[in-house]
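User: Can you walk me through some helix packing here? Keep it short.
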Amino acid sequence: MQYEVRALSPDAVVEQLSIDALDEADARRQVESRGLFVAAIRRRGGARASGGISLVLFSQELLALLSAGLGVVEALEALLEKEASPVLANVLARLLAGLREGKRFSSVLAEQGERFPPLYIGIVKAAEGTSDLPRSLSRYIDYQQRIDAVRSKVISAAIYPMILLVVGGAVSAFLITYVVPRFAEVYQGAGRNLPFMSRLLLSWGQFAASHTGYLLAGACALAALLVYMARRLMAGGGVIGLLARLPGIGARVRIYELSRLYLTLGMLTEGGIPIVQAIDTVRSMVSPAVQGKLQNARLAVESGLPLSAAFAANGLTTPISLRMLRVGERTGDMGPMLTQSAAFYDDEISRWIDRFTRTFEPLLMAAIGLVVGAIVVLLYMPIFDLAGDMS
């Protein structure tokens, strides 16, 4: 079986691998034997956790067959013949059955709306009007790869700090629960008055050693609660709103949202979809805060206002993107201009991520070092006092 693996190399670079393995555990072992850290693993062609399929892989394979001169029906038949996954084979069979009944390709995709999002259906429907499905598929693949590239950069930037936090927390927990109680036993028979901070640390270490089980249970319960809350926020689209309230990060989150908005609108308009219909398609893909602004901008465009003015009135532009939108309106190339705006935003986000990681990672390492160092110093302060008295 084929597995798609997203792995992190020792130099913090995200790599996409295709592994032929007996099962998921075997694929994980093969990747780790190469010195890589497995971030995500998924069976190729199988169902995603959301119930969908790998649209990029499906589009790439379909595009290759269409470019070779096959028709849509012939291409889907070829994909069905080689497909080993029952899930994807069932999807392909249903697509073929609809096409053989004389339905349009976009219609049979829409019948499986739980697997094919409105965005994908929209570009296929627009391609049917221009009879240029391969170009639309190529445009979608490029669109998805650009989104994945930014997402991978964010994930790779977050993995190393998470590893530091886990390792630093584990070392601190070991010192508190194992080392500190041993020192407390030694100091209890010394008959000396310890510094206040040392006494406080020793008391906490004795408490942690005698209630380790309860503390572990509480930590597990807290972790489960945090995971549950994170999933609820992600399901309700509240993560973006939460991050947008953080100082210094909120502005970057807004830039990221605008980048995804402009990139999607650019792909749809380049595919021949009118801007009002493109806004309708995109509206379900953005955060709730942006949805309301998009709806107001759509109404303004329908009333005759230029897109640049409608977006500016609803806070969906920056000074640079506003100028680029106006240029697109003058030249009539709104789709490419939207895509270029998204590319400008992506470059800005990438530069900010690089600056942030170069600054945050040393600060995080210093903070962990200070915590561990403070525990060690507080443990040895009584020994330093004793050595001073003896001298």
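Analyst: First, a term: contact means heavy atoms within 4.5 Å. Helices are DSSP runs of H or I, at least four residues, numbered from the N terminus. This is a predicted model, where local features need pLDDT of at least 70 and side-chain atom pairs count only at pLDDT 80 or more. Residues are numbered from 1 along each chain, and side-chain values use heavy atoms, without hydrogens and water.

User: OK. Which residues in H12 meet H13?
Analyst: From H12, Ile275, Val276, Ile279, Asp280, Val282 and Arg283. They meet Gln291, Leu294, Gln295, Arg298, Val301 and Glu302 in H13. By class, that contact has 6 nonpolar, 2 polar and 4 charged residues. Ala, Val, Leu, Ile, Met, Phe, Trp, Tyr, Cys and Pro count as nonpolar; Asp, Glu, Lys and Arg as charged; the others, Gly among them, as polar.

User: At what angle do H12 and H13 cross?
Analyst: Roughly 170 degrees, and the axes come within 10 Å. H12 and H13 are therefore roughly antiparallel, a label for angles over 145 degrees. Angles run from 0 to 180 degrees between N-to-C directions, with axes fitted to C-alpha atoms.

User: Switching to H7 and H8. How far apart are their axes?
Analyst: 8 Å apart, at an angle of about 120 degrees. H7 covers residues 133–188 and H8 covers 196–210.

User: How many charged residues in the contact of H7 with H8?
Analyst: For residues, H7 brings Phe183 and Tyr187 among others, and H8 brings Trp204 among others. By class, the contact has 11 nonpolar, 4 polar and no charged residues.

Definitions and conventions: Helices (H or I, at least four residues) and strands (E, at least two) are DSSP runs, numbered from the N terminus. Angles under 35 degrees count as roughly parallel, over 145 as roughly antiparallel, 65 to 115 as roughly perpendicular and the rest as oblique.
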